[in-house]
Amino acid sequence: MTSNVGTFDRVVRFSLGAALIAVALGLFAPAYQTAWGWVGVVPLATGLLGWCPLYQALGLKTCRSVST
């Protein structure tokens, strides 16, 4: 499993995932608490791992390749 998610993409995914999970837990306000916030687990996981299965399937990469 090689990395296919770049640094900026990882930061955005991690931030978005954490925010969505915070919504699911009702940390912003109980009125915003929703089960859809648990969708945030996906961007959080792909941000932490640096690998996205959808990018893999589509042949996309947002990270730079290091050539020696």
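I began with burial: of the 68 residues of the protein, 28% count as buried. This is a predicted model, so I kept its confidence values beside me.

Next I looked at overall dimensions. A compact globule of 68 residues would have a radius of gyration near 11 Å, whereas I find 14 Å for this protein. Along the principal axes, the C-alpha trace spans about 50 × 20 × 15 Å.

Then confidence. The mean pLDDT of the protein is 88, and 94% of the residues reach 70 or more. A reminder to myself: where pLDDT is low, predicted coordinates should not be read in detail.

Secondary structure was a brief entry. I count 3 helices and 0 strands, and the order from the N terminus is α-α-α. I also checked the contacts with a separation of 6 or more: residues 24 or more positions apart account for 62% of them.

How do α1 and α2 pack against each other? I noted two values here, as packed helices are described by the angle between their axes and the distance between the axes. Helix α1 (residues 7-25) and helix α2 (residues 41-49) pack at about 145°, and their axes are 7 Å apart. The crossing of α1 past α2 is left-handed.

Which residues make this contact? From α1 I listed R10, R13, F14, G17, A18 and I21. On the α2 side they meet V41, P43, L44, T46, G47, L48 and L49. By type, the contact of α1 with α2 divides into 8 nonpolar, 3 polar and 2 charged residues.

I stayed with α2 for a while.

Which residues of α2 are buried? My list holds P43, L44, T46 and G47. What covers the buried residues of α2 includes α1 and also α3 (53-58).

My last entry concerns the end of this helix. Just after α2, G50 takes a positive phi of about 75°.

Conventions:
Residues are numbered from 1 along each chain as its sequence is written. This is a predicted model: local features need pLDDT of at least 70, side-chain atom pairs count only at pLDDT 80 or more; totals for chains, interfaces and linings use all residues. Side-chain values use heavy atoms; hydrogens and water are left out. Axes are lines fitted to C-alpha atoms, for helices over the stretch in contact, and angles run from 0 to 180 degrees between N-to-C directions. Helices (H or I, at least four residues) and strands (E, at least two) are DSSP runs, numbered from the N terminus. A crossing is left-handed if the near helix is turned anticlockwise from the far one by less than a right angle, and right-handed if clockwise. Contact means heavy atoms within 4.5 Å. Ala, Val, Leu, Ile, Met, Phe, Trp, Tyr, Cys and Pro count as nonpolar, Asp, Glu, Lys and Arg as charged, and the others, Gly among them, as polar. pLDDT is the predictor's confidence in each residue, from 0 to 100. The radius of gyration is taken over C-alpha atoms; the globule rule is 2.2 Å times the number of residues to the power 0.38. Buried means under 20% relative accessible area, exposed over 50%, partly exposed in between (1.4 Å probe, protein chains only).
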